[in-house]
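Please read these notes with the structure open beside you. The points are numbered and can be checked one at a time.

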Amino acid sequence: MKTKLLSLCLGALLCNTLPAVSYATSEGLQPDTVSSVAPVLSQSTLQALQWQPINTYATQTITLNGMSQRLNSGDIHSPIAAFSLPANQGSLEITLTSLIKDKQVYAPNVVVLDEQLRPAAFYPSRYFGYQKPGIMSADRLEGVLKLTPALGQQKIYLLVYTTRADLNASTQMVDPAKAYAQGVGNAVPNIPDPVARHTETGTLTLKVKSERDAGNILIGQIFATPAQSSAPVQQPVTVGSANDAEPAAAILPTKTTPATLSPSTTAAKKPVLNDTEQYFNEAIKKAISSGDIDKALKLLDEAERLGSPTARETFIKMIKDKAR
């Protein structure tokens, strides 16, 4: 069994030496079903926004109405919410909730940007699924974002908006009588469920907490490049959907061709900084120790792309130790 584990992991490592494709997928999704488009926003547009600071272990409620900050660009013509979050306190788990009130709701989309206001992840509105009311909660749309800011950053940014397409859609709710019957185990009445109309106003709640464990999405680059003032947001590849048990974010492609995991890749790279190299080696060890080989491979890929000379050795050693 241990020999089989070692063979499978090393086999996966060798498979990852093949050139990377231009899209990523989640299990059960086909590449042609996951494509989505983030808003095309210039650096000047993003820099002109007022970003509201949010601390970790804080809950912020914001009402979007006619007096709120507004963005008119492309498919976005509505009030928006713009937040800045600390990027130097470890991984972040962010719960974004849009409350349903009077059968109306704001359908959020989220673009996550690094410290240089470069897009790093995209969560379309379908990611924020309908949640039935509970004892302490109302009908709502809700989603959880798990992010890991790259080292050296002080802030990352969340832009929340809705689109014309969202405003033409609606959300199917659950009738309160049905929800109560299901909760107490009674027969569910045969009555129609209400529908919440999507509007450009609403109430958002943002809950942020810091975690020691690494998040799903790496935000920012270890080696920063000069920001271009007129560079628009790139189009992302969406990974996951509201139907997934744990949907992932959409990963925006980088401007450079993805690096492979061949030994020659790291030879041409500038040596990685010691603290960055240690960060990835420790993260690889932790992922393998917890049995998350896929995550360890992704960390290895990123580490070698940045020029780490020891990440591969760390990966193989940990796999051999685990197989013993």
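Predicted model: local features only at pLDDT ≥ 70, side-chain atom pairs only at ≥ 80, totals over all residues.

Which residues of E5 point one way, and which the other way?

1. Strand E5 covers residues 81–86. Ala-81, Phe-83 and Leu-85 point one way from the strand, while Ala-82, Ser-84 and Pro-86 point the other way, and all are buried. Because six of the six residues of E5 are buried, the strand is largely enclosed by the rest of the structure.

2. Strand E5 has pairing partners. With E1 the pairing is parallel, over two bridges, and Gln-52 stands opposite Phe-83 of E5. With strand E12 (residues 155–161) the pairing is antiparallel, and six bridges join the two. Pro-86 has Lys-155 in E12 as its bridge partner. As background, strands of a sheet pair through backbone hydrogen bonds, either parallel or antiparallel.

3. Next come strands E8 and E9. E8 (residues 109–113) runs antiparallel to E9, and four bridges join them. Across this pair, Val-111 stands opposite Phe-122 in E9. The two strands form a hairpin with five residues between them. In the turn, Leu-117 has a positive phi of about 60 degrees. E9 (residues 119–123) is mostly covered, with four of its five residues buried.

4. How many strands does the open sheet with the order E7-E14-E13 have? It has three, and their pairing is mixed. E7 and strand E13 (170–172) are the edge strands, as each pairs on one side only. E13 pairs with strand E14 (residues 195–198) in the antiparallel sense, over three bridges. Within that pair, Thr-171 has Ala-196 in E14 as its bridge partner.

5. Tyr-57 is not a glycine, yet its phi is positive, about 55 degrees. It sits in the loop between strand E1 (52–53) and strand E2 (58–64). Is Tyr-57 buried or exposed? With a relative accessible area of 63%, Tyr-57 counts as exposed, because the cut-off for exposed is over 50%.

6. Asp-102 is the other loop residue. Its phi is near 55 degrees, a positive value in a residue other than glycine. The loop that holds Asp-102 lies between strand E6 (91–99) and strand E7 (104–105). Asp-102 is exposed, with a relative accessible area of 64%.

7. Helix H7 (residues 293–305) has 13 residues. From its first C-alpha to its last it reaches 18 Å, close to the 18 Å expected at 1.5 Å a residue. Its buried residues include Ile-293, Ala-296, Leu-297, Leu-300 and Glu-304. In general, an α-helix has 3.6 residues a turn, so residues three or four places apart point the same way.

8. Both ends of H7 have a feature to check. Asp-292 caps the N-terminal end of H7, with a side-chain oxygen 3.1 Å from the backbone nitrogen of Lys-295. Just after H7, Gly-307 has a positive phi of about 100 degrees.

9. How do H7 and H8 lie, roughly parallel or roughly antiparallel? Helix H8 spans residues 311–323, and it packs with H7 at an angle of about 160 degrees, with the axes 9 Å apart. An angle over 145 degrees counts as roughly antiparallel, and H7 and H8 are therefore roughly antiparallel to each other. The crossing of H7 past H8 is left-handed.

Note on methods. Residues numbered from 1 in each chain as written. Heavy atoms only, no water. Buried < 20%, exposed > 50% of the residue type's maximum accessible area, 1.4 Å probe, protein only. Pairing = 2+ DSSP bridges. Expected span 1.5 Å × (residues − 1). Polar contact = N/O pair within 3.5 Å; in protein donor to acceptor, adjacent residues only side chain to side chain. Axes fitted to C-alpha atoms, helices over the stretch in contact; angles between N-to-C directions. Parallel < 35°, antiparallel > 145°, perpendicular 65-115°, else oblique. Left-handed = near helix turned anticlockwise from the far one by under 90°.
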